[in-house]
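Colleague: I am new to reading models. Please take me through one, feature by feature.

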Amino acid sequence: MTSTAPLLQARKLSVSIGGNPVCRDFDLTLQAGERLAILGRNGAGKSTLLSVLAGLRMPQAGEVRIEGATYDALGPRASACIRGWLPQARSDAFASTVLETALVGRHPHLARWDWESDKDADIARQALAAVGLADFEQRDVHTLSGGERQRLGLATLLTQAPRLFLLDEPIAHLDLNHQIAMLELLAGAARDCGAGMALVLHEPGLARRFCDRALLIHGDGRTEVGPVREMLTAERLSALYQHPLQLVESDGLVSFIPR
Amino acid sequence: MPTRRRALLIIAALAGLALLSLALALMVGSIPVGPAEVFLTLFNDGGGMAGDVVRSLRLPRALAGFACGGLLALAGALLQVLLRNPLADPYVLGISGGAGVGAMLAILFGLGAAGINGFAFAGALAAMLVVFGLAHGDGSWTQTRLLLTGVIVAAGCGAAVALLLSIAPEHKLRGMLFWLMGDLSQADDPKLALGVLAAVLLISLPYARELNLLARGADTAQTLGVAVGRLRRGVYIVASIATAAAVTHAGSIGFIGLIVPHLVRLATGNDQRLLLPASVLAGGSLLVIADTLARSVVAPQQLPVGVLTALIGVPVFLFLLTRDPQVRR
């Protein structure tokens, strides 16, 4: 691991799911502090590509490196100190409190016989406060709403404190106010802690506002990467979603309206 | 999540309960022995008739019961995490079914206790290997595939047991049925079961926090630093060996492997660092108490201990479930 190695690097990646190609010979480099939005139609393979980047799934060809090393070389524990992953859906088989759920993020930082210390609990409480769940500590996760559970997932990730965030639909199920709050929280983590992140998003306007670059996945193996202003245009997005979209601008903020 | 201090206190309390249950098992029976006498006979060879009864009959049976109860509860707790299914118990993956077929065959062939144990253990291992091999076939090894394979193998074994029961001669039926319902009267040497119990607990405990993560989902566990594939295989093998050892010694005693982990979970939460040792102590105690009642309530008749574990466990479980405002607020 050298300090010059990029946070995330994918080389000559070929991924397909259920016989459909997601990407071919795909190269991607993500530096610390950078935010990448991943957009595409349903089933285009956004989540599949993200799980390959997270080391959860093997690509058909090519390799993924984080901070210069492959997941295999690092092993799961060292990998978990570098990259965190937010799943799109989660199911809780057993009852557990909100604080306990956030605290599992400390696992990679603890030695085998360590118990979570007060310091770990403080880190988890800060994360819960950051996502607006400070008063929920002792609630059972089964009693949370979809949006609250989603914010708890983000709190667990903040407790894990990785340098690379791979987020599968981080603002799904969230109210508009929480969507903006979450994206600002993540933007803050990128700016202040130098975290790099890749986010699967469905809202191109928010992607353009909160990300530096965008990756468009067309679902037939074609991918495009570039700065958000070049990628997230009415023309490109209309082709991506195969539906005419119109760009509307107000006070410097951009939104795309389906025709 | 309990603090380490609270966890140790709970374990100490349960260890006290375990000792009480063992003491009860040594005192109660056709020849009642007082607490002081029990204490003396354990550390001296004398004590006459009562001493012999305590040392050579009640003590081995109580220790074997404790070991089997602990093994079943531990296996149940591990499999509930592995399958992420609160309904999983040590028998869900067909291990007891395989042991049952082996034991029925041994009884049919007229083998003695050692033969029955050997056949039962071989049957359990065979079922474990079949389920493992089939579920592992395409490398995906999902919980659903493992669960389905296990349930199907268990169903097949159940049919084989029914077949053997239906062709068995009348005078062997009672022994076969008692074995199937769970029976500690043949368990005369607890050393092996206690050894297996200590070994599987010591192997599992270092991985307890990783098991907490596995209970939250394989992908989540993997991204938080758990080597999921290796951990799952290990849990499967450890739980299988624990089940096989218990079933071999005591037959298919139902209920403990399903209910005890839930009892402990309801009372203390789902942290495997506490849940695994607490389940061992609670499961062992429950089986010792149930077996003491099974051999004394309608003495000289002996009841199948599996009936007693259920009769004790069901009301306790229902009480905890309804009482529980704290966990599901």
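Modeller: Start with a helix. Helices (H or I, at least four residues) and strands (E, at least two) are DSSP runs, numbered from the N terminus. The expected span of a helix is 1.5 Å times one less than its number of residues. Helix H8 of chain B covers residues 191–204, 14 residues in all, so it should span 20 Å; its end C-alpha atoms are 20 Å apart, which agrees.

Colleague: What sort of model is this, and how are its parts labelled?

Modeller: This is a predicted model: local features need pLDDT of at least 70, side-chain atom pairs count only at pLDDT 80 or more, and totals for chains, interfaces and linings use all residues. Residues are numbered from 1 along each chain as its sequence is written, while chains are lettered from A and ligands numbered from 1 in the order in which they are written.

Colleague: Which residues of H8(B) are buried?

Modeller: First, the idea. A residue is buried if 20 or more other C-beta atoms lie within 10 Å of its own, exposed if 12 or fewer, and partly exposed in between; the C-beta atoms are placed from the backbone. In H8(B), the buried ones are Ala193(B), Val196(B), Leu197(B), Val200(B) and Ser204(B). They cover an arc of only 105° around the axis (taken from the directions from the helix axis to the C-beta atoms), which puts them on the same side of H8(B). On the other side, Lys191(B), Gly195(B) and Leu202(B) are exposed.

Colleague: What covers the buried residues of H8(B)?

Modeller: The cover includes H3, H9, helix H11 (228–250) and helix H13 (272–296) of chain B.

Colleague: How do I read a nonpolar core?

Modeller: In soluble globular proteins, nonpolar side chains tend to be buried together. A nonpolar core is a set of buried Ala, Val, Leu, Ile, Met, Phe, Trp, Tyr and Cys residues joined through C-beta atoms within 7 Å. Here the largest has 177 residues, and Leu71(B) and Ala242(B) have the most contacts inside it. Helix H3 (residues 48–82) of chain B gives the largest share of this core, 17 residues.

Colleague: Which residues does Ala242(B) touch, leaving aside its neighbours within four places in sequence?

Modeller: Two residues are in contact if their C-beta atoms, placed from the backbone, lie within 7 Å. On that test, Ala242(B) is in contact with Leu71(B), Leu74(B), Ala75(B), Val196(B) and Val200(B).

Colleague: How many residues does each chain bring to the contact between A and B?

Modeller: Chain B brings 24 residues and chain A brings 29. On the side of chain B that touches chain A, helix H9 (208–214) and helix H10 (218–223) each supply at least two residues. H10(B) gives the most, with four.

Colleague: Now chain A. How many helices and strands does it have?

Modeller: Chain A has nine helices and twelve strands. Of its 259 residues, 44% count as buried.

Colleague: Where in chain A should I look at a phi angle?

Modeller: Look at two residues. Phi of Asp25(A) is near 45°, a positive value in a residue other than glycine. Asp25(A) sits in strand E2 (residues 20–30), and it counts as exposed, with 12 C-beta neighbours inside 10 Å. Phi of Glu169(A) is near 55°, again positive in a residue other than glycine. Glu169(A) lies in the loop between strand E7 (164–168) and helix H6 (176–193) of chain A. With 20 C-beta neighbours inside 10 Å, Glu169(A) counts as buried.
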